[in-house]
Amino acid sequence: MAASHSLLLCFVLCFTHIFISTSETLFLPLIHSLSKTQFTSTHHLLKSTSTRSAARFHHYHHNKNSHNHRQVSLPLSPGSDYTLSFTLNSQPISLYLDTGSDLVWFPCQPFECILCEGKAENASLASTPPPKLSKTATPVSCKSSACSAVHSNLPSSDLCAISNCPLESIEISDCRKHSCPQFYYAYGDGSLVARLYRDSIRLPLSGPPNLIFNNFTFGCAHTALAEPIGVAGFGRGVLSLPAQLATLSPQLGNQFSYCLVSHSFDSDRVRRPSPLILGRYDHDEKERRVNGVNKPSFVYTSMLDNPKHPYFYCVGLEGISIGRKKIPAPEFLRKVDREGSGGLVVDSGTTFTMLPARLYDLVVAEFENRVGRVNERASVIEENTGLSPCYYFANNVVNVPSVVLHFAGNGSGVALPRRNYFYEFLDGGDGKRMKRKVGCLMLMNGGDEAELTGGPGATLGNYQQQGFEVVYDLEKGRVGFARRQCASLWEALNQN
């Protein structure tokens, strides 16, 4: 699966008709899928990750002229993202959690996956057989709003006609017994055909009882191309997991957040889960449990509506400060136009932040002015990793300027920790080259503005989100950031 970088949601699906239990907050563990055994070197890991980040970003724009079927971008690939596990009918399943798409789907038996060898993050994902549908699972009707949503808002009359509902029944809106037609989803380098079903779902709370509700809508795929793993869409669409939670339990579905443990591609640092939090909770109280003191409060910026990609979490970017120099962002990053162009997407599925060429070049020029004056440019490392600029350290020490993201609208800014934007590692020592310490900027060139029409102008990748609790406040239409010790936060959230 080209699934670069999403998050895998661990929840339990069961198929019994019971009433919903109530809870204000649901805590779930996100497990990083890093597997260094799949990479031959640090160069290989960084090259693979940077390539997939760029591919996902450009996929948003390359399909701008396609209107006949849904086009979404799924981060698919090993080495940098997060996973969740759950069980369906006592069968283990894993899903990618993706804030850039808006549907929950998974493979169902019988399942045929074409060109899927080596696409899953690890052997356990690849070897897990697809689940069987429960006897209580019911097909979604062609007349339902969910059917229209998954078919790019086609009228129900058209969908019922495709489902062979007789004309006289279509005219009197009596096609409830006819199922929603199969739908087609296309991702960055794969696709699938699936049907919509409804059944009961159970989500495990941090303590008993579990949350259970009926009529959860999901896609069941029997055929896929290079897509062996399902997705839990957390985007802004009506079929996403948060949207469905909101209809049944508003206190759970109107806000969610995650806090990604800082890892720097070190598998030893990601053994603790990163918390995924559904619903609102008392941040101050939880922080007192962690450190005995309050942490900095959230910095918020307003969401922007994107008419072409309505499931994206877009915000405006006003500029980036490198050290004391503030570099203004191009005007199209501060808003989204009627064609869906512009803005910054806060994306759980892209690893590295992508910037338009004009802004990226100014950032690199300032880095070169401050870091390149005293450190040798590592051009070979840049070619091998896909990152730039990279520098060999003089005396194993390098002074790196600070980086602050300034959001549009309210003047809010987020200062990134150094490890979130400058990756440092040892190169050489293999008998061919002497061992040297090197560092690379982890912001990437997304291309010229002309190439970015019809899609986001930039994305904020999950690597730059590490060590922050990122909250998506759907009720108030805003995204917030707050520095956190994410591993400690998970422990605090699960204290009784």
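Guide: Two strands are taken as paired if DSSP finds at least two bridges between them. In this predicted model, strand β28 (residues 468-473) and β29 are antiparallel and joined by six bridges.

Visitor: Which residue in β29 stands opposite V471?

Guide: G480 in β29 stands opposite V471.

Visitor: And how many residues lie between the strands in the hairpin of β28 and β29?

Guide: Four residues lie between the strands of that hairpin, and G477 takes a positive phi near 65°.

Visitor: Which other strand is joined to β29, and by how many bridges?

Guide: Strand β14 (residues 299-302) is joined to β29 (residues 478-483) by four bridges, and the two run antiparallel. Within that pairing, T301 has V479 as its bridge partner in β29.

Visitor: Switching to the open sheet. What is the order of its four strands?

Guide: The order is β17-β16-β22-β23, with antiparallel pairing. β17 (325-328) and β23 (413-416) are the edge strands; each has a single partner strand, so one side of each has no neighbour in the sheet. From one strand to the next the twist averages 20°.

Visitor: How many bridges between β16 and β17?

Guide: Four bridges, in the antiparallel sense, pair strand β16 (residues 317-322) with β17. G319 has P328 in β17 as its bridge partner.

Visitor: Aromatics next. How many aromatic pairs?

Guide: The count comes to 19 aromatic pairs. One of them is F407 with F481, a stacked pair with 5.3 Å centre to centre and 5° between the planes. It links distant parts of the chain: F407 belongs to strand β22 (residues 403-407) and F481 to strand β29, 74 residues apart.

Visitor: F407 and F481, buried or exposed?

Guide: F407 is buried, and F481 is buried too.

Visitor: Which residues form the aromatic cluster?

Guide: F234, F256, Y258, Y313 and Y472 form one aromatic cluster.

Visitor: Which ring does the charged end of R436 sit over?

Guide: The charged end of R436 sits over the ring of Y392, 3.8 Å from the ring centre. Likewise, the charged end of R483 sits over the ring of F468, 5.6 Å from that centre.

Visitor: On to cysteines. How many disulfides does the structure hold?

Guide: The structure holds seven disulfides. One of them joins C108 to C220, with 2.3 Å from S to S. C108 is in strand β6 (residues 104-114) and C220 in strand β10 (residues 211-225), so this link connects distant parts of the chain, 112 residues apart. Both C108 and C220 are buried.

Visitor: What about C113 and C116, how far apart are their sulfur atoms?

Guide: The sulfur atoms of C113 and C116 are 1.6 Å apart in their disulfide. C113 is partly exposed at 23% relative accessible area, whereas C116 counts as buried at 12%. The cut-off for buried is under 20% relative accessible area.

Visitor: Which cysteine does C165 pair with?

Guide: A disulfide joins C165 to C175, S to S 1.9 Å. The link is left-handed, with -85° about the S-S bond. C165 lies in the loop between α4 (156-162) and α5 (167-171), and C175 in the loop between α5 and β8 (183-186), so the pair ties together parts 10 residues apart in sequence. C165 is buried with a relative accessible area of 6%, and C175 is buried at 1%.

Visitor: Last topic, charges. How many salt bridges?

Guide: The count comes to 15 salt bridges. Among them, E366 pairs with K325, the closest N and O atoms being 3.6 Å apart. E366 lies in helix α9 (residues 357-372) and K325 in strand β17, so the pair ties together parts that are 41 residues apart in sequence.

Visitor: Is E366 buried or exposed?

Guide: E366 counts as buried, at 9% relative accessibility. K325 is partly exposed, with a relative accessible area of 44%.

Visitor: And which residue does E382 meet in a salt bridge?

Guide: E382 meets R377, with 2.5 Å from N to O. E382 counts as buried at 15% relative accessibility, while R377 is partly exposed at 30%.

Visitor: Which residues are linked in a network of salt bridges?

Guide: R280, D473, E475 and R478 are linked in such a network.

Conventions. Residues are numbered from 1 along each chain as its sequence is written. This is a predicted model: local features need pLDDT of at least 70, side-chain atom pairs count only at pLDDT 80 or more; totals for chains, interfaces and linings use all residues. Side-chain values use heavy atoms; hydrogens and water are left out. Axes are lines fitted to C-alpha atoms, for helices over the stretch in contact, and angles run from 0 to 180 degrees between N-to-C directions. Rings of Phe, Tyr and Trp (its six-membered ring) pair if their centres lie within 6.5 Å; planes under 30 degrees apart count as stacked, over 60 as edge-to-face and the rest as tilted. Buried means under 20% relative accessible area, exposed over 50%, partly exposed in between (1.4 Å probe, protein chains only). A charge sits over a ring if NZ of Lys or CZ of Arg is within 6 Å of the ring centre and within 35 degrees of the ring normal. A disulfide is a pair of cysteine sulfur atoms within 2.5 Å. A salt bridge is a side-chain nitrogen of Lys or Arg within 4 Å of a carboxyl oxygen of Asp or Glu.
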